[in-house]
Amino acid sequence: MNLQFTTSTFTKEKIVLASRDEFIVRGKRRLFGLLPQAFDGIKQIGVIGWSSQGPAQARNLRDSLAGTGIRVKVGLRANSPSIAAAEAVGFSRADGTLGEMYQVIAESDLVLLLIADGAQAEEYPKIFKTIRPGATLGLSHGFLLGHLKNVGDSFPKNINVIAVCPKGMGPSVRRLYEQGREIDGAGINASFAIEQDVNGRATDYALGWATAIGSPCTFQTTLESEYRSDIFGERGILLGAVHGIVEGLYQWFRGEGLSKEQAFVNSAESITGPISSTISERGILAVYESLSAADQEVFKRAYSSAYQPSFDILYEIYDEVSSGNEIRSVVTASQRLKRFPMSKIDGGEMWQVGVGVRANRSHYQIPLDPITAGIYVAAMMAQVDVLKEKGHPYSEIANESIIEAVDSLNPYMHYRGISFMVDNCSTTARLGTRKWAPRFEYALRQVTFPALKRGASADEKLLENFLKNDIHPALAVCAELRPPVNIAVVD
């Protein structure tokens, strides 16, 4: 994928990832003064929707654009229960910053469509009829493009279509922006894509949007590459795989004679604690290198037993996403949800045990367990290798497979458990997690754990591929672009 872009407002910077040139824009608060130039010709930004991303992006944009004369206006359905929530954080009909969804779409120069993916699939014909010719449609996910491909439709040819996709859930986008008030550069990194540019301004609009919501580093992708890697990643190591892995590991450790509490510590706590912090601070290889010689041998056997079944499932997920099947399943599920709301996913024994463990963490020493580490890293590396094979840029691979997992999502599971992590995400992500997590758990029970039980030896060639994988130097470059603070998770 050959990515190049030109901006008349911001300074782009070249980075080299695994011998490939990519270009980024570093966006700190000192760049807020460039936002009027970036948004030249835009008088109103309409933020449509109030689910995961809407509240965060609307407030961040409003704060960043204060005093510029550019209005940020929230658009919601006439009877939306979210109206009260928007009013509670200062958007109001009285001052012209809150209005009915289609009215806001019709009057806005830049329309950020942040309603649920299922609603986008249902409402897009009316949205396309309402948006003004020459306006800009902004997306924070490429799902709508995938749906349009499924139904044989396309975006109107007389509008810009851009995307800015934060590499974390909405609450993280807001929380790190707020932390950035004290430490410049705090924020959630984002990707951007230009699908249509009818007035030559689309790139600056997208980079201005990313800067205004607090992205400290914005890298380029395409809308199709984004939705493929994003929907795939949610079902993989970001949410679905890690859910299935910790459920399976908990049962494994219980079968090995550990107490309920210690089984939780060695599975979920080990991943969200020392494994995630090690990857975040020093990279994936550091997990392996941190182990004793004896534990490295255990890691090797666990990695060897988990990599191939993880790769098989992940390859299937990618095929389901790229073929449009996964998008179709979300659209049909969105209709079912009107009758059958999603149930909670933390009612099982391990998550109830976790409540007590988190309340008494000082009583537990959280290990970097070699079996847990080997299985988790194997799934992470399998996801990396699928995306590499499918031709995704390394910045996207690193963010969608590693950085977002350990820096943005796992901290939520560490703080309040699996449901707090998953159910703060989009409906698409929540549906995918529930669908695919059982597949990963099943693979562990049927393939990985039996191999460990019978003492299967490590696959030295597989381990060599892990140790020499070019994602490691690429990740090291990307890690230098991470925010300077860890996210402070709050309810």
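Which elements make a right-handed β-α-β unit with helix α3 (residues 83-88)? The points below answer this and then turn to the cavities.

1. Basis of the note. The structure is a predicted model, in which local features need pLDDT of at least 70 and side-chain atom pairs count only at pLDDT 80 or more, while totals for chains, interfaces and linings use all residues. Residues are numbered from 1 along each chain as its sequence is written, and side-chain values use heavy atoms, with hydrogens and water left out.

2. The unit around α3. The right-handed β-α-β unit is made by β4, helix α3 and β5. A crossover is called right-handed if, with the strands pointing away from the viewer, the path from the first strand over the helix to the second runs clockwise. Helices (H or I, at least four residues) and strands (E, at least two) are DSSP runs, numbered from the N terminus. Strand β5 covers residues 98-100 and pairs with β4 in the parallel sense over three bridges; two strands pair if DSSP finds at least two bridges between them. Gly-75 has Gly-99 in β5 as its bridge partner.

3. The other side of the pairing. β4 (residues 71-76) has five of its six residues buried, that is, under 20% relative accessible area with a 1.4 Å probe and protein chains only. Strand β3 (residues 44-48) also pairs with β4, in the parallel sense and over five bridges. Ile-45 has Val-72 in β4 as its bridge partner. From β3 the chain passes through helix α2 (residues 54-64) to β4 in a right-handed β-α-β crossover.

4. The largest cavity. A cavity is a set of points, on a 1 Å grid over the protein atoms alone, where a 1.4 Å probe fits but cannot get out; lining residues have an atom within 4 Å of a point. There are four cavities of 30 Å³ or more, and the largest has a volume of about 140 Å³, a volume being the space filled by probe spheres set on the points. Its lining has 15 residues, with Gly-187, Ile-188, Ile-403, Asp-407 and Pro-483 nearest the centre. Helix α17 (residues 394-416) gives the most, with five residues. The lining divides into six nonpolar, five polar and four charged residues.

5. The second largest cavity. This cavity has a volume of about 70 Å³. Its lining includes Ile-15, Asn-189, Phe-219, Ile-403 and Leu-481. Helix α17 again gives the most, here with three residues, and β10 (217-220) supplies at least two. The lining has seven nonpolar, three polar and no charged residues.

Technical notes:
1 Å grid on protein atoms, 1.4 Å probe; cavity = no way out; pocket = protein on both sides within 12 Å on 5 of 7 lines; lining within 4 Å. Nonpolar A, V, L, I, M, F, W, Y, C, P; charged D, E, K, R; others polar. Buried < 20%, exposed > 50% of the residue type's maximum accessible area, 1.4 Å probe, protein only.
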